[in-house]
Amino acid sequence: MSSRPDGQTFREAAGSLVEWIAAYLDHSETYPVLANVEPGHVKASLPSIPPADPEPFASILDDVDRVIMPGVTHWNHPSFFAYFGITGSAPGVLGEMLSAALNLNGMLWKTSPALTELEEVVLDWLRKMMGFPSPLFGIVMDTASIASLCAMAAAREALGLNIRERGMAGRSDLPRLRVYTSEQAHSSIEKGAVALGIGLEGVRKIPTDDAYRMRPDLLEAAVLEDRAAGWLPVCVIATVGTTSTTSIDPIPAIADVCTRHGLWLHVDAAYGGAAAIVPENRDVLAGCERADSVLVNPHKWLFVPIDFTAFYTRRPDDLRRAFSLVPEYLRTDDATTNLMDYGLQLGRRFRALKLWMVIRMFGTTTMQDVIRGHMAMAQELAHAIDDDAEFERAAPVPFSTVCLRAVPGGVPDEDLDRFNEVLMHRVNGTGEAYLSHTRLKSRLTLRIAIGHLRTERRHVWHAWALLRRHARELAASWRTPNAGGVP
Ligand SMILES: Cc1ncc(COP(=O)(O)O)c(C=O)c1O
C-alpha cells in the first residue's frame with residue numbers, strides 16, 4: 001500500500017534538516033573548499049532507478065553526507081575566493097524555505113498579490129540602499145545574464161523597427177544591429193546578443209584604458225564609424241565591476257555618448273552595485289541614474305543565496321512592449337502590474353522573500369559593515385602583494401577583488417603563465433582556499449575575490465601564505481633542471 005509523507009513526517013524531517021543546515025553553516029570551513037572527486041563519481045554512487053517505496057528521511061540525509069557532500073564545492077566556505085563568491089546566509093536560507101513552502105507563482109498580480117508587492121517594495125529598499133535618487137521600475141530576475149538579455153531586447157524594441165512582429169531574418173529594410181560593450185564585459189552580453197539574433201559580429205567590443213575601463217572616446221568613434229558604414233547602433237552596455245578586474249567603466253562620460261547618439265544605456269553592476277550600499281562608496285554608481293536600465297546581483301555580494309538579480313529600468317514601457325503577450329487564459333480586468341509582462345518567463349517564484357529576510361535580519365548597518373570589511377581586507381592584501389618582490393599586482397582594486405601574478409626570480413618570463421597556473425592548482429589542491437584565474441593583457445592572472453559573509457582577515461592571510469609558500473617551493477623545483485619545472 002502506498003503512503004505519502006504527512007505533516008508529522010515533515011516536522012521530524014524538517015527538524016533534522018534544519019539542525020543539519022545550522023551545523024553546516026557554522027562549520028562550512030571544515031570542508032575542503034574545492035570538491036575533490038573524479039568526474040562521474042557522484043553519479044556512480046547513486047542508484048540508476050528510483051525507489052518504488054518510500055524511504056525514511058534519515059537515510060536520505062545519510063546519503064547527503066555520504067554521496068552528495070564529497071561532490072560539493074563549498075561556495076559557503078569563507079576561503080572561497082574564486083569567481084565572485086555567494087553566501088547562503090541563514091536569513092536567505094529561511095527565505096528560500098518559506099518561498100518553497102508557499103509555492104507561489106507570481107505571473108499575475110492576482111495569482112499572488114503579496115509576491116508582486118513585496119518584490120516592488122524590497123527592490124525599492126535596495127534602490128534606496130544603493131543611493132539611486134529617483135524611483136525606478138524594478139523586477140527580480142534569476143540571473144544577470146537574463147536581465148542583460150531583457151535590456152537588449154527592450155533597447156531593440158525601442159528602435160521602433162517592429163522586430164517583435166516581423167522578426168529580423170530576411171528583412172531588406174533592416175540594417176545590421178550593433179551593441180557596444182567593453183572588451184572586459186562579461187560573456188553574458190555576447191550570449192544575449194546571440195540569443196536575440198544580433199550575433200557575435202553585432203557586438204562591438206570597445207578597448208579599455210590602463211585600468212581596464214571602457215574608453216568613451218573610442219566608443220563614440222565606433223558609433224560614428226558604424227553609422228557611416230550602415231550599421232544601426234542599439235545600445236551600450238557598461239559595467240560597474242568587470243568580471244576579471246572589477247574595473248568601473250566611466251558611466252557619466254558613456255552616458256554623454258549615449259545621450260548624443262540616442263542610445264539605450266544598460267549598466268551591468270552585477271557585482272559592483274552591492275558596494276554602493278556603503279555611503280562612502282556611492283560614487284561607484286555615479287551616472288547610473290542616467291542609465292535606461294541597471295542590474296545588480298544580490299546573490300553575488302549581498303548574502304542572498306543564488307539566484308537573485310535586481311533589474312531596474314526607467315523605461316518599463318519599452319520592456320513591456322518587448323515582452324508582453326497576453327493570451328485569453330491570462331487576461332485580467334484589474335489595472336495592476338503583472339510581472340509576466342516584463343520578461344521572458346511566465347511563472348515566477350517568490351524570490352523577494354529572501355532579500356527581504358536578509359535585509360531585515362541583518363539590518364543595513366551590518367550589511368554595510370561586512371562590505372566595508374571585505375574592501376578593507378582587499379586593500380591590505382593589495383599592499384602585501386605590492387611589498388613582495390616575488391609577486392606583482394595586476395590591476396587596481398576598486399572593490400574587494402585582487403588580481404595578482406607570481407613573478408619569482410629565476411623563472412623565465414615565457415614560463416610565467418604556466419607557473420601561475422600550476423601554482424593556482426597547487427593552492428586549490430590543498431582544499432584550504434579556492435582561487436580562479438583570468439587573462440589580462442594576454443597574461444594568465446590569478447584572482448582573489450573576497451565576498452563571503454564569513455570571510456575574516458585570517459582566511460585572506462592564510463590564502464596569501466599558501467600562495468607564497470607554494471610559489472617558493474614551485475620556483476625551487478622550476479629552477480632544478482631535472483625536475484622539469486612542472487609537476
Ligand atoms: C559583471 C558580471 N555580469 C554578469 C555576470 C553573470 O552573472 P549571472 O550568473 O547572474 O548570469 C557575471 C558573473 O560573474 C559578472 O561578473
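Two strands pair if DSSP finds at least two bridges between them. The legends below use that rule on a predicted model.

**View 1. Strands S9 and S11 pair in antiparallel fashion.** Strand S9 covers residues 401-406. Strand S11 covers residues 443-449. Four bridges join the two strands. Which residue of S11 stands opposite valine 402? It is isoleucine 448.

**View 2. Four strands form an open sheet.** The strand order is S8-S9-S11-S10. Pairing in this sheet is antiparallel. Strand S8 (391-393) and strand S10 (436-440) are the edge strands. Each of these edge strands pairs on one side only. Neighbouring strands of the sheet are turned against each other by 40° on average, direction ignored.

**View 3. Helix H13 lies across part of the sheet.** The helix spans residues 352-386.

**View 4. The protein chain is divided into three stretches of domain assignment: domain 1, domain 2 and domain 3.** Domain 1 is made of two segments, 7-30 and 35-72. Domain 2 takes in 105-348. Domain 3 takes in 359-483. The centres of domain 2 and domain 3, taken over C-alpha atoms, are separated by 31 Å. In the contact between these two domains, 29 residues come from domain 2 and 26 residues from domain 3.

**View 5. Domain 2 and domain 3 bury area between them.** The size of an interface is often given as the accessible area lost when the parts come together. Here the buried area is about 2,200 Å². Carbon and sulfur atoms hold 70% of it. Which three residues supply more than any other three of the area that domain 2 buries against domain 3? They are Tyr212, Trp301 and Phe303, with 30% of that area.

**View 6. Polar links cross the interface of domain 2 and domain 3.** Nine residue pairs are in polar contact here, both residues being at pLDDT 80 or more. The salt bridge count between the two domains is one. Elsewhere in the listing of side chains, glutamate 280 and arginine 372 meet in a salt bridge, at 2.6 Å from N to O. Two helices each supply at least two residues of the side of domain 2 that touches domain 3: H5 (113-129) and H11 (298-301). Helix H5 gives the most to that side, with three residues.

Definitions and conventions: Residues are numbered from 1 along each chain as its sequence is written. Side-chain values use heavy atoms; hydrogens and water are left out. Axes are lines fitted to C-alpha atoms, for helices over the stretch in contact, and angles run from 0 to 180 degrees between N-to-C directions. Contact means heavy atoms within 4.5 Å. Domain bounds come from an automatic or database domain assignment. Buried area is the accessible area (1.4 Å probe) that two parts lose on being put together, summed over both. A salt bridge is a side-chain nitrogen of Lys or Arg within 4 Å of a carboxyl oxygen of Asp or Glu. A polar contact is a pair of N or O atoms within 3.5 Å; within protein, one must be able to donate a hydrogen and the other to accept it, and residues adjacent in sequence count only if both atoms are side-chain atoms.
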